Amino acid sequence: MILLLKKRTLGFMGTGLFLLCLSFGTFGTFNVALHPNMNKWKQEKLVITMVKTSQKAVALTFDDGPDPEKTPVFLDSLEKYNAHATFFVIGNRAEKQPQILQDMAKRGHEIANHSYSHSYSRFSSNQTAIFKEEIDTAAALIEKITSQKPVLFRPPGGYLSDNLVNLIKDEQLTVAYWTWQQDSKDWKVGTSGTTIANHIINNIKPGQIILLHDGASNGLETAKAVDILLDKLTKEGYQFVTMSELIKLENKE
Ligand SMILES: [Zn+2]
């Protein structure tokens, strides 16, 4: 198939155009930051990757929980430093751990939507009906358990498409991406808490959205990193706020 296409395309349009077609083919099917509409979505505030502010505030965001063993460790660390964070929970996990979600809400954290199933195959199908079912089911669960209506959605695997962003717009939600410099790949098994913390501390700037995982198998190392970075950055004058609070600081001096 590709060979046939290549022969025809090369014949009629030349190599450059062929490569361009291939690239757009990739954008259409899966992932991620290099989507050709990314800048437009950012300008329209449909996708947020960072907040422009000179206040020393950042948002810690934790994905893929709640996890009965790991998430409570994060909650205790945050409490110790009077820090607030945003938890992007998976619906089918939240369903099994409602008390952890209630605890998050009680302690002043934001609970956000990370889909019901976190299934890459469902998200790569690129069907609006499937996106809607995933987002609405998780949102209803979060609201039922915590009485908080989630306003932020983070797609599993960072998956983005026109269909998904159009739906987000219709549902008056915001796609909560993260700041590129603050993706420490903390979920990779074997990455130490110190390595994760150093990545974040060395790249810290006001307005960043820091991507971490409480629900991944390396989560206890991430929890150690959170303890280290909260200690260090709190002393440097950083404030840790929820992502919705951070968005309100846009353009604040
Ligand atoms: Zn995830």
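Reader: How do the residues lining the second largest pocket divide into nonpolar, polar and charged?
Author: Five are nonpolar, two are polar and four are charged. Bear in mind that this is a predicted model.

Reader: What makes a lining residue count as nonpolar, polar or charged?
Author: The residue type decides. Ala, Val, Leu, Ile and Pro are among the nonpolar types. The lining includes Ile135, Ala139, Pro150, Val151 and Leu173, so these count as nonpolar. Asp, Glu and Lys are among the charged types. The lining also includes Asp136, Glu143, Lys149 and Glu171, so these count as charged. Asn113 and Gln172 line the pocket too, and they count as polar.

Reader: Which element supplies the largest share of that lining, and how much space lies in the pocket?
Author: Helix α8, residues 128-146, supplies the largest share, with four residues. The space is about 170 Å³.

Reader: Which residues coordinate the zinc ion, and what makes them donors?
Author: Asp64 coordinates through OD, and His114 and His118 through NE2, at 2.1 Å. The cut-off for a donor atom here is 2.8 Å, and N and O atoms qualify. At 2.1 Å, these atoms are within the cut-off, so they count as donors. Water is not among the atoms, so the site may look incomplete.

Reader: How are the donor residues spaced in sequence?
Author: The pattern is D-x49-H-x3-H. Aspartate 64 sits in the loop between β2 (57-63) and α4 (71-80), and histidine 114 in the loop between β4 (110-113) and α7 (120-124), so the pair ties together parts that are 50 residues apart in sequence.

Reader: Are aspartate 64 and histidine 114 buried or exposed, and how do you know?
Author: Buried means under 20% relative accessible area. Aspartate 64 has 13%, so it is buried. Histidine 114 has 2%, so it is buried as well.

Reader: Where is histidine 213, and why is it classed as it is for burial?
Author: Histidine 213 is found in strand β7, residues 209-213. Its relative accessibility is 9%, so it counts as buried.

Reader: Which residues are in contact with histidine 213, beyond its neighbours within four places in sequence?
Author: They are Asp63, Asp64, Phe74, Asp186, Trp187, Gly219 and Thr222. Each is called a contact because heavy atoms lie within 4.5 Å. Asp64 is also a zinc donor.

Reader: What about glycine 215: where is it, and which residues does it touch?
Author: Glycine 215 is in the loop between β7 and α11. Leaving out residues up to four places away in sequence, it touches Asp63, Asp64, Gly65, Asp67 and Arg93. At 11% relative accessibility, glycine 215 counts as buried.

Reader: How far apart are leucine 220 and valine 73, in sequence and in space?
Author: They are 147 residues apart in sequence and 7.9 Å apart in space, C-alpha to C-alpha. Leucine 220 touches Val73, along with Glu69 and Lys70.

Reader: What kind of peptide bond joins glycine 65 and proline 66, and how do you know?
Author: The bond is cis, with omega at about 0°. Proline 66 is in the loop between β2 and α4. Most peptide bonds are trans.

Reader: What is noted about phi of asparagine 82 and of asparagine 126?
Author: Both values are positive in residues other than glycine. Phi is about 55° for asparagine 82 and near 60° for asparagine 126. Most residues other than glycine have a negative phi.

Reader: Where are these two asparagines, and how do you know whether each is buried or exposed?
Author: Asparagine 82 is in the loop between α4 and β3 (85-89). Its relative accessible area is 66%, over the 50% cut-off, so it is exposed. Asparagine 126 is in the loop between α7 and α8. Its relative accessible area is 23%, between the cut-offs, so it is partly exposed.

Reader: How many helices and strands does the protein chain have, and what share of its residues count as buried?
Author: The chain has twelve helices and eight strands. Of its 253 residues, 47% count as buried.

Note on methods:
Residues are numbered from 1 along each chain as its sequence is written. This is a predicted model: local features need pLDDT of at least 70, side-chain atom pairs count only at pLDDT 80 or more; totals for chains, interfaces and linings use all residues. Side-chain values use heavy atoms; hydrogens and water are left out. Buried means under 20% relative accessible area, exposed over 50%, partly exposed in between (1.4 Å probe, protein chains only). Donors are N, O and S atoms within 2.8 Å of the metal (3.2 Å for Na, K and Ca); water is not among the atoms, so sites may look incomplete. On a 1 Å grid over the protein atoms alone, a cavity is a set of points where a 1.4 Å probe fits but cannot get out, and a pocket is an open set with protein on both sides within 12 Å along at least five of seven lines; lining residues have an atom within 4 Å of a point. Grid points are joined across faces, edges and corners, and a volume is the space filled by probe spheres set on the points.
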